[in-house]
Amino acid sequence: MMIIGVECTAHTFGVGIATSEGKVLANARDSYTSLTGGMILNEVAEHHVRVAEEVLKKAFSEAKLSWDKVDFVAYSAGPGMDPALWAGYKIAKRWAFDNGKKLIGVNHCAAHLSIGVVWNMLNDPCYLYVSGVNTQIIVKEKGKYIVIGETQNIGLGNLLDKFGRVLGLGFPAGHKIEELAKKGRYIVLPYSVKGMDVSFSGILTKVEQLYSQGKVSKEDLCFSLQETCFAMCTEVVERALAHTGKKELLLVGGVGANKRFCQMLEIMCRERGAVFYKVPMELAGDQGAMIAWEGFLRGDESGDIQVKPHWRVDEV
Ligand code: AMP
Ligand code: MG
């Protein structure tokens with residue numbers, strides 16, 4: 001079976017093709033970027049509409065396939081930004097209708113988790129999902145996802161992007177902050193862990209203040225921001241492993257591209273006899289292959305469900 005997956009929840013428009021065995025045949029994408037403005041909602045939706053046909057063409061050529069071999073079309077129904085979701089949904093619906101395929105809406109967060117599981121061939125991991133909007137620690141019980149810890153306000157990626165905007169780094173900024181951090185030294189920032197939850201908004205205010213006062217260098221702020229936030233996540237995940245007794249940790253989401261973050265989690269896992277897993281770069285951030293695979297897993301239970309901008313993974 002071949003499934004097309006359409007990703008459209010935020011700045012990336014992606015078309016992936018996966019098989020029913022979890023093999024990724026194509027993963028084409030085009031991401032909206034901006035030099036100064038962060039994500040401008042209507043521009044993001046316009047971007048998706050503009051690039052859709054080209055990205056689809058690229059996916060078909062990567063997989064050496066055409067519509068006749070495709071069994072159904074999956075799309076990201078949420079969570080995400082309203083205009084981007086509607087743009088993606090309409091595109092996926094039109095493709096499905098024009099080619100006589102079933103349309104299947106899936107949860108974007110669940111797709112991040114599922115692609116990591118099939119890629120690493122895991123049984124029952126504890127998940128750390130860290131993207132632009134999301135920072136969640138998740139486990140699965142009796143077939144349902146349970147969020148056992150999360151950010152009380154903004155996601156870690158958003159924090160990095162917002163601070164990056166202040167520094168004039170453009171959007172997205174996570175990888176540029178990682179570069180600057182390599183030349184930085186540590187200064188103390190507010191460390192905000194609340195039970196199993198974390199809070200990033202106060203830290204953002206603090207680094208913005210320090211930057212505007214001009215007393216601390218960009219590099220030191222980036223390094224300290226990373227060390228503090230990554231340590232907060234690592235602490236909560238360690239507690240999650242201790243509570244649940246799980247022996248596998250799976251990191252997914254775009255912030256998972258950060259090498260220092262992976263190193264911290266790896267050390268923590270090793271020290272407590274667990275194994276740290278991540279996904280390759282091309283499957284870490286938003287892309288269509290994970291939507292295709294999740295579509296395969298949910299093929300019987302889902303269908304045309306329009307968009308669900310606030311659909312949490314524990315509601316799946
Ligand atoms: P996603 O929403 O899963 O596509 O992830 C996008 C987020 O990942 C954005 O907030 C990026 O700034 C962030 N990101 C990408 N690469 C890195 C990196 N090397 N270090 C930290 N954050 C990153
Ligand atoms: Mg994502």
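Author: One term before we start: helices and strands here are DSSP runs, numbered from the N terminus. Also, this is a predicted model.

Reader: Good. Where does P79 lie?
Author: P79 sits in the loop between β4 (72-78) and α2 (82-98).

Reader: Then what about K64, positive or negative phi?
Author: Positive. K64 has a phi of about 50°, although K64 is not a glycine. Its place is in the loop between α1 (41-63) and β4.

Reader: Let's switch to helix packing. How are two packed helices described?
Author: By the angle between their axes and the distance between those axes.

Reader: Okay. At what angle do α4 and α6 pack?
Author: About 15°. Helix α4 covers residues 156-166, helix α6 covers residues 201-213, and their axes are 10 Å apart. That angle makes α4 roughly parallel to α6.

Reader: Is the crossing of α4 past α6 left-handed or right-handed?
Author: Right-handed.

Reader: Which residues meet there?
Author: From α4, L159, K162, F163 and V166. From α6, L204, V207, E208 and Y211. By class, the contact of α4 with α6 has six nonpolar, no polar and two charged residues.

Reader: Next pair. How do the axes of α7 and α8 cross?
Author: At roughly 30°, and they come within 10 Å. Helix α7 is residues 218-244, and helix α8 is residues 259-271. Angles under 35 degrees count as roughly parallel, so α7 and α8 are roughly parallel to each other. Here α7 passes α8 in a right-handed crossing.

Reader: Which residues make the contact?
Author: On α7, Q226, E227, F230, A231, C233, T234, V237, E238 and L241. On α8, R260, F261, M264, L265, M268 and C269.

Reader: And how many of each class?
Author: The α7 contact with α8 has 10 nonpolar, two polar and three charged residues.

Reader: What about α3 and α10? Parallel or perpendicular?
Author: The axes of α3 (residues 108-120) and α10 (residues 288-298) cross at roughly 90° and come within 8 Å. The two helices are therefore roughly perpendicular to each other.

Reader: What in α3 meets what in α10?
Author: H108, A110, A111, H112, S114, I115 and V118 in α3 meet A289, M290, I291, W293, E294 and L297 in α10. By class, this contact of α3 with α10 has nine nonpolar, three polar and one charged residues.

Reader: Last topic, the ligand. How many residues surround ligand 1?
Author: 17 residues surround ligand 1. The closest are D161, G174, E178, G254 and N258.

Reader: Which backbone atoms lie by its oxygen atoms?
Author: A polar backbone atom of G132 is 3.2 Å from an oxygen atom of ligand 1. For V255, a polar backbone atom is 3.4 Å from an oxygen atom of ligand 1. For D286, a backbone N or O atom lies 3.3 Å from an oxygen atom of ligand 1.

Reader: Got it, thanks.

How values were computed. Residues numbered from 1 in each chain as written. Chains lettered and ligands numbered in written order. Predicted model: local features only at pLDDT ≥ 70, side-chain atom pairs only at ≥ 80, totals over all residues. Heavy atoms only, no water. Axes fitted to C-alpha atoms, helices over the stretch in contact; angles between N-to-C directions. Helix = DSSP H or I, 4+ residues; strand = E, 2+ residues; numbered from the N terminus. Parallel < 35°, antiparallel > 145°, perpendicular 65-115°, else oblique. Left-handed = near helix turned anticlockwise from the far one by under 90°. Contact = heavy atoms within 4.5 Å. Nonpolar A, V, L, I, M, F, W, Y, C, P; charged D, E, K, R; others polar. Near = heavy atom within 4 Å. Polar contact = N/O pair within 3.5 Å; in protein donor to acceptor, adjacent residues only side chain to side chain.
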